[in-house]
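Here is a short briefing for a reader new to this structure. Please look over the sequence and the model before reading on.

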Amino acid sequence: MADQKPQIFELNNGTMQVKITNLGCTITSLSLPDKNGNLADVVLGFDSVEPYLNRVAPYFGAIVGRVANRIKDGKFTLNGADYTLPVNRPPNSLHGGNKGFDIVVWEVAEYKKGEKPSITFKYHSRDGEEGYPGDLSVTATYTLTSSMTMRLDMEAVAENKATPVSLAQHTYWNLAGHNSGNILDQSVQIWGSHVTPVDQNIVPTGEIMPVKGTPFDFTTEKKVGASIHEVGLGYDHNYVLDCGEGKEGLKHAAKVKDPSSSRVLDLWTNTPGMQFYTANYVNGIVGKGGAVYGKHSGLCLETQGFPNAINQPNFPSVVIQPGEKYKHTMLFEFSIE
């Protein structure tokens, strides 16, 4: 709706406070207690909506789409038709193009307070928007389901044409606090024993590679900084999530632990992949309260369809048919350990 302006909404259950803007369904702040009960804001971001609007930072906190991650050369073919997308990160199309879902104003469909506060955003992406086929109705609901748990449900329905859809939540997490420096000392475990290796343009080659014996192995808990120097600029790789133990029909994707605060994040999802990204391109961005965010100042756990899946027949399909519903759930379970 044209009359909707970007504004910031709050979800608060007395333990956890989350601020989200209808610009890109962006999480601007998430405050949590540490082992001593001290609150800290654990997401990188800005105090107002202007820097998000002006794209000061690379997708901080936003939902990206219509298709997250890279599409090779900004081209694909579907049902015999060729589609050309904006090449906004040459030579590829990234995170939906020039004006992806992260930079549009969503409509607030529902906003509930109480002990399980929630907010639902919706957006109508029209046929041809950023080069993509067909009208798409999208909703995203954030809910604080318990004192230290947040759930995100993303849904999209293709109205009249088949289209690729793969949304991702692009929050940069720093469990020690957004202004605490780099995340190299935090430990990560990823329930993914394979990655999809990439070419020089960060597009998957199509291969599915075991992580065992490589710097990409996070199958057991490991400090982010332990072997980061062996992977170029840092981690920016899609993990093939294993089908492990389930919770509410979701599989365990990742666990992050900060030694200084004892804060832990367990992430559960239903997607086939997860981009693990260590803020390699963040460089001197001035954020909340004047905090300066440098390289590796946060980490992203972007559950997703595989990058460039639309052009890789051996990857799980990201195409939905008219009338079909895309569903992507993320459960962010925080704790103190």
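Which residues does the UniProt annotation "binding site" cover? According to that unreviewed entry, they are Asn69, Arg70, His170, Thr171, Tyr172 and Asp236. Keep in mind that the model is predicted.

**His170, an annotated residue**
- His170 is one of the residues under the "binding site" annotation in the UniProt entry.
- His170 sits in a loop, between strand E15 (168-169) and strand E16 (187-190).
- Its relative accessible area is 3%, so His170 is buried.
- Beyond its sequence neighbours up to four places away, His170 touches Pro58, Tyr59, Phe60, Gly61, Ala62 and Val64, among others.
- The contacts of His170 also include His95, Tyr277, Cys300 and Glu302.

- Asp236 belongs to strand E20 (residues 236-240).
- Asp236 is buried, with a relative accessible area of 10%.
- Its contacts, not counting residues up to four places away in sequence, are Arg70, Ile202, Gln275, Phe276, Tyr277, Asn280 and Tyr281.
- The side chains of Asp236 and Gln275 make a polar contact at 2.9 Å.

**The sheet around E20**
- E20 is part of an open sheet of five strands, in the order E18-E17-E20-E24-E27.
- The pairing in this sheet is antiparallel.
- Strand E18 (209-210) and strand E27 (300-304) form the edges, each pairing on one side only.
- E20 pairs with strand E24 (residues 273-277) in the antiparallel sense, over five bridges.
- Within E24, Tyr277 is the bridge partner of Asp236.
- Tyr277 is also among the contacts of His170.

**Nonpolar cores**
- The largest nonpolar core has 60 residues.
- Leu30, Tyr142, Phe276 and Phe334 have the most contacts inside that core.
- A second, separate core has 14 residues, including Ala57, Tyr172, Tyr277 and Ile285.

**Cysteines**
- How many disulfides does a search of the whole structure find? The count is zero.
- Cys25 is in no disulfide, and the nearest cysteine sulfur, that of Cys300, is 17 Å away.
- Cys300 is likewise in no disulfide; its nearest cysteine sulfur is that of Cys25.
- Cys25 is buried at 0% relative accessibility.
- Cys300 is buried too, with a relative accessible area of 0%.

- Is Leu331 buried or exposed? Its relative accessible area is 1%, so Leu331 is buried.
- Leu331 lies in strand E29 (residues 325-336).
- Leaving aside neighbours within four places in sequence, the contacts of Leu331 include Thr145, Arg151, Leu250 and Trp268.
- Leu331 and Ala253 are 78 residues apart in sequence, yet their C-alpha atoms are 9.8 Å apart in space.
- Thr141 is part of strand E12 (residues 136-146).
- Thr141 has 18% relative accessibility; the cut-off for buried is under 20%, so Thr141 counts as buried.
- Its side chain makes a polar contact with the side chain of Thr120, at 2.8 Å.
- Further contacts of Thr141, outside four places in sequence, include Ser118, Ile119, Arg151, Leu152 and Asp153.
- Arg151 is in contact with Leu331 and also with Thr141.

Methods:
Residues numbered from 1 in each chain as written. Predicted model: local features only at pLDDT ≥ 70, side-chain atom pairs only at ≥ 80, totals over all residues. Heavy atoms only, no water. UniProt positions renumbered as here; feature names shortened; annotations may be inferred. Helix = DSSP H or I, 4+ residues; strand = E, 2+ residues; numbered from the N terminus. Buried < 20%, exposed > 50% of the residue type's maximum accessible area, 1.4 Å probe, protein only. Contact = heavy atoms within 4.5 Å. Polar contact = N/O pair within 3.5 Å; in protein donor to acceptor, adjacent residues only side chain to side chain. Core = buried A, V, L, I, M, F, W, Y, C linked by side-chain atoms within 4.5 Å. Pairing = 2+ DSSP bridges. Disulfide = S-S within 2.5 Å.
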